[in-house]
Amino acid sequence: MNPEKRTQAASPRRIAVVGGGAAGLVAAITAAEAGCAVTLFERNDRVGKKILASGNGRCNITNAHLGVDDYFGGDPLFVRHALEQFGFARFKKFCASIGLLLQTKEDGRSYPLSNTALSVATALQEYALTRGVTLRCDADVTAVGKGEEGFTVSCGEDVFGPFERLLIASGSEAAPQLGADASGYGFAASFGHTVMPTYPALVALELDSPLPKKMTGSKQDAEVTLYIDGKAEQRVRGDVLFTRYGVSGFAVLDVSRAASEALLYHQEVKVGLKLLVGYERQSLGEELARLAKRLPAYTIETLLGGLISVKIARCLLESCRIDPSSVASQLPPKSLKAIASTLCDWRFKVSGTHGFKHAEVSGGGVATEEVDARTMASKKVDGLYFAGEVLDIVGRRGGYNLHFAWAGGYLAGRAMAAD
Ligand SMILES: Cc1cc2nc3c(=O)[nH]c(=O)nc-3n(C[C@H](O)[C@H](O)[C@H](O)COP(=O)(O)OP(=O)(O)OC[C@H]3O[C@@H](n4cnc5c(N)ncnc54)[C@H](O)[C@@H]3O)c2cc1C
């Protein structure tokens, strides 16, 4: 719009934000503080529902060690400007300005000082209200459009607008029970934007084996290696939890993004579990042989029960086709070697992920090459912006996803308000 016209009318710039999550709230606050009239549309009965669920209700809000390497997508370098402009220190200051203090752990993970996500969602909501943002909750946006007068936002029969700027901050399909769906991608596509195929990430993996079900509930500190088309692509150490469908736990979540993306492109995906971290195949085989000699009456199941949970031991023996009631000292050396090998690299074929319903985030989304990384503005439609998870960027576990939403929201809010 012509700036002269706006001065004559003396009316603040009208901005619509679709989505009251992390990105939408920071954008709304930033634009409102710069004098804009912001209306935020949220389909849930309150804003920030995903924030409330984040970090198991504690909200791992950001990370003190943020870098481009913590992000994935068509062009991970897209995040560079956002991290430079709105990095950890700048975000911490922003939080303090809205009355939210943070605590940072040794590894960089940061949480609200209150240790509750409710503080985060409430601080953002209340601050937005004090800055005059109109929060339209229970407002399910069904269509957006652009005419001569500006942008319109439709919630069923109700049409709002015109707006001079429109921000799509509607998140991804991850966790539909919290209000998520693919509508933002549809809005982007309706404006001619490309949407990269989406896939669940930070999600449990389903395995093509009946064994995990028999080990349900067993947890083990393990090393997980992700194999894609037979090649070791990623190795992480952490908790592995066996479930009725496969595996979950932090180590599994950490390899899940790459696994899920590979599955999307029909690659063969396997996980290799090293259940006794710190032992190598040979030393473990020797240890088992020593134990079997020292305890000649023990069954192999009892012997292994001293190393790992009995549930896991029983399944591992089943996988090696060894009778658990065999007397360990009478097993041929090759059987003990097979057990040691499996303990060091127990391979399972991954048949799928546990789906968007159980995923923390989504990979894929609006192609970043069509969005200006400095402003989050669409390169296709004047006045249109994107921020947060709706974009083709996904971060590692540890506060990185929320941080990209905060930072993108800030850039978009600032740019939408600027002439
Ligand atoms: C269980 C869980 C735990 C997580 N824990 C962490 C964590 O600890 N740390 C971390 O960094 N990340 C975490 N994440 C990821 C993080 O929450 C998201 O990456 C982040 O919230 C994305 O912010 P966003 O604003 O882009 O989208 P969202 O927060 O999803 O916000 C989008 C909003 O838009 C609304 N919306 C969508 N479509 C429409 C429509 N058509 N009309 C109206 N409203 C609409 C949705 O209801 C939603 O409120 C977690 C995610 C989940 C599911």
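How many nonpolar, polar and charged residues does the shell around the ligand have? In this predicted model, the shell has 16 nonpolar, 16 polar and eight charged residues. In total, 40 residues surround the ligand. The closest are Gly19, Gly21, Gly171, Gly179 and Gly388. Several helices take part in the shell. Helix 2 (22–33), helix 3 (49–53), helix 7 (183–190) and helix 14 (400–417) each supply at least two of its residues. Helix 14 gives the most, with four residues.

The protein is divided into two parts, domain 1 (9–200 + 359–417) and domain 2 (204–354). Their centres, taken over C-alpha atoms, are separated by 40 Å. Eight residues from domain 1 and seven residues from domain 2 form the contact. On the side of domain 1 that touches domain 2, strand 12 (residues 195–201) gives the most, with three residues. By class, this side of domain 1 divides into six nonpolar residues, one polar and one charged.

The largest nonpolar core has 129 residues. Val17, Val18, Ala28, Leu167 and Tyr385 have the most contacts inside this core. Helix 14 provides the largest share, twelve residues. Domain 1 and domain 2 both give residues to the core, so the core lies between them. In soluble globular proteins, nonpolar side chains tend to be buried together. The surroundings of Val17 can be listed in detail. Leaving aside neighbours within four places in sequence, Val17 is in contact with Gly24, Ala27, Ala28, Val38, Leu40, Phe41, Leu167 and Ala169. Two of these partners, Ala28 and Leu167, are named with Val17 among the core residues that have the most contacts.

Strand pairing was examined next. Strand 18 (residues 346–353) pairs with strand 13 (residues 205–207) in the antiparallel sense, over three bridges. Here Gly352 of strand 18 is the bridge partner of Glu206. Strand 18 also pairs with strand 17 (residues 269–274), again in the antiparallel sense, over four bridges. In this pairing, Leu273 has Trp346 of strand 18 as its bridge partner.

Strand 3 and strand 6 (residues 109–112) run antiparallel and are joined by two bridges. Asn63 stands opposite Arg109 of strand 6.

Val277 has its place in the loop between strand 17 and helix 10 (281–294). Is Val277 buried or exposed? Val277 is exposed, because 12 other C-beta atoms lie within 10 Å, and a residue counts as exposed at 12 or fewer. Not counting residues up to four places away in sequence, Val277 touches Asp221, Ala222, Glu223 and Arg237. Gln234 lies 43 residues from Val277 along the chain. The C-alpha atoms of Gln234 and Val277 are separated by 16 Å.

Technical notes: Residues are numbered from 1 along each chain as its sequence is written. This is a predicted model: local features need pLDDT of at least 70, side-chain atom pairs count only at pLDDT 80 or more; totals for chains, interfaces and linings use all residues. Domain bounds come from an automatic or database domain assignment. Two residues are in contact if their C-beta atoms, placed from the backbone, lie within 7 Å. Ala, Val, Leu, Ile, Met, Phe, Trp, Tyr, Cys and Pro count as nonpolar, Asp, Glu, Lys and Arg as charged, and the others, Gly among them, as polar. A residue is near a molecule or strand if its C-beta atom, placed from the backbone, lies within 6 Å of it. A nonpolar core is a set of buried Ala, Val, Leu, Ile, Met, Phe, Trp, Tyr and Cys residues joined through C-beta atoms within 7 Å. A residue is buried if 20 or more other C-beta atoms lie within 10 Å of its own, exposed if 12 or fewer, and partly exposed in between; C-beta atoms are placed from the backbone. Two strands pair if DSSP finds at least two bridges between them.
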